[in-house]
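Here is a short briefing on a single protein chain. Keep the sequence and the model open while reading.

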Amino acid sequence: QVQLVESGGGSVQAGGSLTLSCAVSGYTYSITPLLGWFRQAPGKEREGVASIYTTARGTYVTYYSDSAKGRFSISQDNGKNTLYLQMNSLSPEDTAMYYCAASWQRLGGSRASLEPMRYNYWGQGTQVTVSS
């Protein structure tokens, strides 16, 4: 059973940075090769922010939403069983609950990798609030 626990959320002023972490237990890339970050603002649907896929050769393929591209960076440290999301140049529009998730699906580098319905395991979320 894969379990995910997010941390690192908080309050920051516009233009600032935050790094979110997601501790993943029970994870093996051969079973859940796709990991992702999602967010959900009040009254809005959950949306994909970034995904990272581990290929059979052990390389990584990342994909970002248009809003995250150029500002956010997803990475994983298998030695620490941790997924990260480095967020820079934050704006109030980035305010949301952020979730990490894991998927059995072998999707890498595609918009489909940001679809919440494709993920099987979810964390409880960490709140990010950006003030102007």
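How many residues lie between β5 and β6 in their hairpin, and which residue in the turn has a positive phi? There are 5 residues between the two strands, and Gly58 is the turn residue with a positive phi, about 90°. The model is predicted. The protein chain has 11 strands and 0 helices.

**Overall fold**

- Read along the sequence, the pattern is β-β-β-β-β-β-β-β-β-β-β.
- The radius of gyration is 14 Å, which agrees with the value near 14 Å for a compact globule of 132 residues.
- The C-alpha trace spans about 45 × 25 × 25 Å along its principal axes.
- Of the 132 residues, 45% are buried.
- Among contacts with a separation of 6 or more, 61% join residues 24 or more positions apart.

- Strand β5 covers residues 47-54 and strand β6 covers residues 60-64.
- The two strands pair in the antiparallel sense, over 5 bridges.
- Ala50 stands opposite Tyr64 of β6.

**Aromatic pairs**

- The structure holds 5 aromatic pairs.
- Tyr99 and Trp122 form an edge-to-face pair, because their planes stand at 80° with the ring centres 6.5 Å apart.
- Tyr99 belongs to strand β9 (residues 96-103) and Trp122 to strand β10 (residues 121-122), so this pair ties together parts 23 residues apart in sequence.
- Tyr99 is buried at 13% relative accessible area, whereas Trp122 is partly exposed at 27%.
- Trp104 and Tyr121 also form an edge-to-face pair, with 6.2 Å centre to centre and 75° between the planes.
- Trp104 sits in the loop between β9 and β10 and Tyr121 in strand β10, so the pair ties together parts 17 residues apart in sequence.
- Trp104 is partly exposed, at 48% relative accessibility, while Tyr121 is buried, at 16%.
- Ring pairs link Phe38, Tyr99, Tyr119 and Trp122 into a cluster.

**Arg46 over two rings**

- The charged end of Arg46 sits over the ring of Tyr99, 3.8 Å from its centre.
- Arg46 also lies over the face of Trp122, 4.7 Å from that ring centre.
- Both rings belong to the aromatic cluster that includes Phe38 and Tyr119.

**Nonpolar cores**

- In soluble globular proteins, nonpolar side chains tend to be buried together.
- The largest nonpolar core has 29 residues, and Trp37, Leu85, Met87 and Tyr98 touch the most other members.
- The elements giving two or more residues to this core are β3 (18-25), β4 (34-40), β5, β7 (72-77), β8 (82-87), β9 and β11 (126-131).
- Another core, of 7 residues, lies apart from it; Leu34, Phe38, Leu107 and Tyr119 are among its members.
- Beyond its neighbours within four places in sequence, Tyr98 is in contact with residues including Glu6, Leu20, Val49, Phe72, Leu85 and Val128.

**Phe72**

- Phe72 has its place in strand β7.
- Is Phe72 buried or exposed? Phe72 is buried, because its relative accessible area of 5% falls under the 20% cut-off.
- Beyond its neighbours within four places in sequence, the contacts of Phe72 include Arg39, Val49, Tyr64, Leu85, Met87, Leu90 and Tyr98.
- Phe72 and Ser17 are 55 residues apart in sequence, with their C-alpha atoms 9.5 Å apart in space.

Key. Residues are numbered from 1 along each chain as its sequence is written. This is a predicted model: local features need pLDDT of at least 70, side-chain atom pairs count only at pLDDT 80 or more; totals for chains, interfaces and linings use all residues. Side-chain values use heavy atoms; hydrogens and water are left out. Two strands pair if DSSP finds at least two bridges between them. Helices (H or I, at least four residues) and strands (E, at least two) are DSSP runs, numbered from the N terminus. Rings of Phe, Tyr and Trp (its six-membered ring) pair if their centres lie within 6.5 Å; planes under 30 degrees apart count as stacked, over 60 as edge-to-face and the rest as tilted. Buried means under 20% relative accessible area, exposed over 50%, partly exposed in between (1.4 Å probe, protein chains only). A charge sits over a ring if NZ of Lys or CZ of Arg is within 6 Å of the ring centre and within 35 degrees of the ring normal. A nonpolar core is a set of buried Ala, Val, Leu, Ile, Met, Phe, Trp, Tyr and Cys residues joined through side-chain atoms within 4.5 Å. Contact means heavy atoms within 4.5 Å. The radius of gyration is taken over C-alpha atoms; the globule rule is 2.2 Å times the number of residues to the power 0.38.
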